[in-house]
Amino acid sequence: MHKILSNEKIAPALFKMELEASVVAKKAAAGQFVMVRIDEKGERIPLTIADRSENTVTIVYQVVGVTTHRLTEKKQGESLLDVVGPLGHKTDNKKIGTVCCIGGGVGIAELYPVAKAYKAAGNEVIVIVGARNKELVIFKDKLSKACDKIFITTDDGSDGEKGFVSDVLKRLIASDKKIDLVYAVGPAIMMKVVADLTRPHKIKTLASLNTVLVDGTGMCGSCRIEVGGETKFACVDGPEFDAHQVNFKELMARQGLFKEQEKHACKIRGILQ
Ligand SMILES: Cc1cc2nc3c(=O)[nH]c(=O)nc-3n(C[C@H](O)[C@H](O)[C@H](O)COP(=O)(O)OP(=O)(O)OC[C@H]3O[C@@H](n4cnc5c(N)ncnc54)[C@H](O)[C@@H]3O)c2cc1C
Ligand code: FES
């Protein structure tokens with residue numbers, strides 16, 4: 001059992017939960033995730049380790065379906081049955097030069113430990129984050145401290161500049177700013193656009209993929225994804241991959257694989273009419 005130390009709403013449909021999980025916390029590194037289960041009847045869902053301390057891990061979750069909805073009902077002092085991890089490979093955060101870290105939506109929280117790790121390794125870190133509106137630009141202070149320069153974009157222009165993260169990246173590339181690595185985490189379409197922008201300039205680009213995970217151990221095959229013509233499993237081979245090699249078309253198709261069942265489960269619980 002893992003005690004919930006806090007569970008707070010930080011933006012519409014976005015929550016931050018701090019959990020007691022000392023074994024995971026001691027080993028966790030940037031880029032890794034946990035599989036969380038609320039109780040014996042609950043499904044396991046993967047969530048990135050957005051922060052950690054000696055004995056705690058912090059997760060940030062977007063309410064999209066049954067399990068994330070059930071998480072919002074959990075109160076401080078209650079517990080989650082399982083917090084398994086850290087899973088997945090850690091970010092290979094060596095000193096490379098200038099690293100541009102790009103996050104979209106809930107990916108902004110997932111980007112924080114990555115930006116922090118690249119900065120700690122001695123890189124110049126440029127952060128570009130994008131959200132639909134000002135309220136959804138989370139972790140702004142934390143990210144600002146973790147990088148050398150931060151750019152914010154919103155779809156409606158309510159924070160930073162109006163537009164997409166890719167607009168800023170395009171401008172940076174056009175300005176001849178030397179970028180040695182781009183790291184992207186967020187909606188699949190955003191990561192695809194970033195990869196398409198950097199490919200002609202041969203800028204190494206990594207994408208942290210959010211395929212549908214079931215067991216998180218490489219056994220069930222549900223998270224499979226084609227990378228460079230080979231089948232990979234996001235849970236054990238990733239979640240980070242060379243974005244220029246990822247078959248994003250397949251990724252987007254597979255993300256909708258269980259849509260009908262998810263909708264059905266939401267209806268049963270009265271989350272959807
Ligand atoms: C490595 C990894 C890290 C992730 N980190 C975060 C994070 O830090 N914060 C966050 O909000 N979300 C994160 N996700 C996505 C998160 O796991 C899903 O939003 C969650 O499982 C939804 O569960 P649900 O029951 O509430 O929704 P459901 O109704 O079951 O699903 C809603 C949508 O969520 C996605 N999804 C559903 N089940 C899974 C699953 N088992 N694995 C992946 N995606 C799924 C699908 O696109 C689906 O259409 C991550 C996914 C992966 C693979
Ligand atoms: S989640 Fe089952 S193989 Fe990756």
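Let me begin with ligand 1, which has 22 residues around it, and of these E43, P46, Q62, T68 and L213 come nearest; a residue is taken as near a molecule if one of its heavy atoms lies within 4 Å of it. Please bear in mind that this is a predicted model, in which local features need pLDDT of at least 70 and side-chain atom pairs count only at pLDDT 80 or more, while totals for chains, interfaces and linings use all residues. Residues are numbered from 1 along each chain as its sequence is written, chains are lettered from A and ligands numbered from 1 in the order in which they are written, and side-chain values use heavy atoms, with hydrogens and water left out.

What, then, are the polar contacts of ligand 1, meaning pairs of N or O atoms within 3.5 Å? A nitrogen atom of the ligand is 2.5 Å from a polar backbone atom of L213, an oxygen atom of the ligand lies 3.1 Å from a backbone N or O atom of T67, and a polar side-chain atom of E110 lies 3.3 Å from an oxygen atom of the ligand. Taken alone, ligand 1 exposes 850 Å², and the protein buries 88% of that, with accessible areas computed by the Shrake-Rupley method with a 1.4 Å probe.

The elements that give two or more residues to this shell are β4 (45–48), β6 and α2 (66–72), and the largest share, four residues, comes from β4. Helices here are DSSP runs of H or I with at least four residues, and strands are runs of E with at least two, numbered from the N terminus. By class, the shell divides into 11 nonpolar, eight polar and three charged residues, where Ala, Val, Leu, Ile, Met, Phe, Trp, Tyr, Cys and Pro count as nonpolar, Asp, Glu, Lys and Arg as charged, and the others, Gly among them, as polar.

Strand β6 takes us to the sheet. This is an open sheet of five strands in the order β5-β6-β2-β1-β7, with antiparallel pairing, and two strands are said to pair if DSSP finds at least two bridges between them. At its edges stand β5 (51–52) and β7 (79–80), each with a single partner strand, so one side of each is left without a neighbour in the sheet. Further in, β2 (residues 14–20) is joined to β1 (residues 2–11) by six bridges, with S6 partnered by E18 in β2, and β2 is joined to β6 (residues 56–62) by seven bridges, with F15 partnered by Y61. Two bridges join β1 to β7, and there the partner of H2 is L80.

Where does the backbone call for a second look? Strands β1 and β2 form a hairpin with two residues between them, and A13 in the turn has a positive phi of about 65°, in a residue other than glycine. There are also cis peptide bonds to mention: the one from G85 to P86 has omega near -5°, with P86 in strand β8 (residues 82–87), and the one joining G238 and P239 has omega of about 10°, with P239 in the loop between α7 (234–237) and β17 (240–242).

Finally, the second largest pocket is lined by 13 residues, of which T91, D92, K204, L206 and E240 lie nearest its centre, and its lining divides into four nonpolar, two polar and seven charged residues. A pocket here is an open set of points on a 1 Å grid over the protein atoms alone, where a 1.4 Å probe fits, with protein on both sides within 12 Å along at least five of seven lines, and lining residues have an atom within 4 Å of a point.

Definitions and conventions. A polar contact is a pair of N or O atoms within 3.5 Å; within protein, one must be able to donate a hydrogen and the other to accept it, and residues adjacent in sequence count only if both atoms are side-chain atoms.
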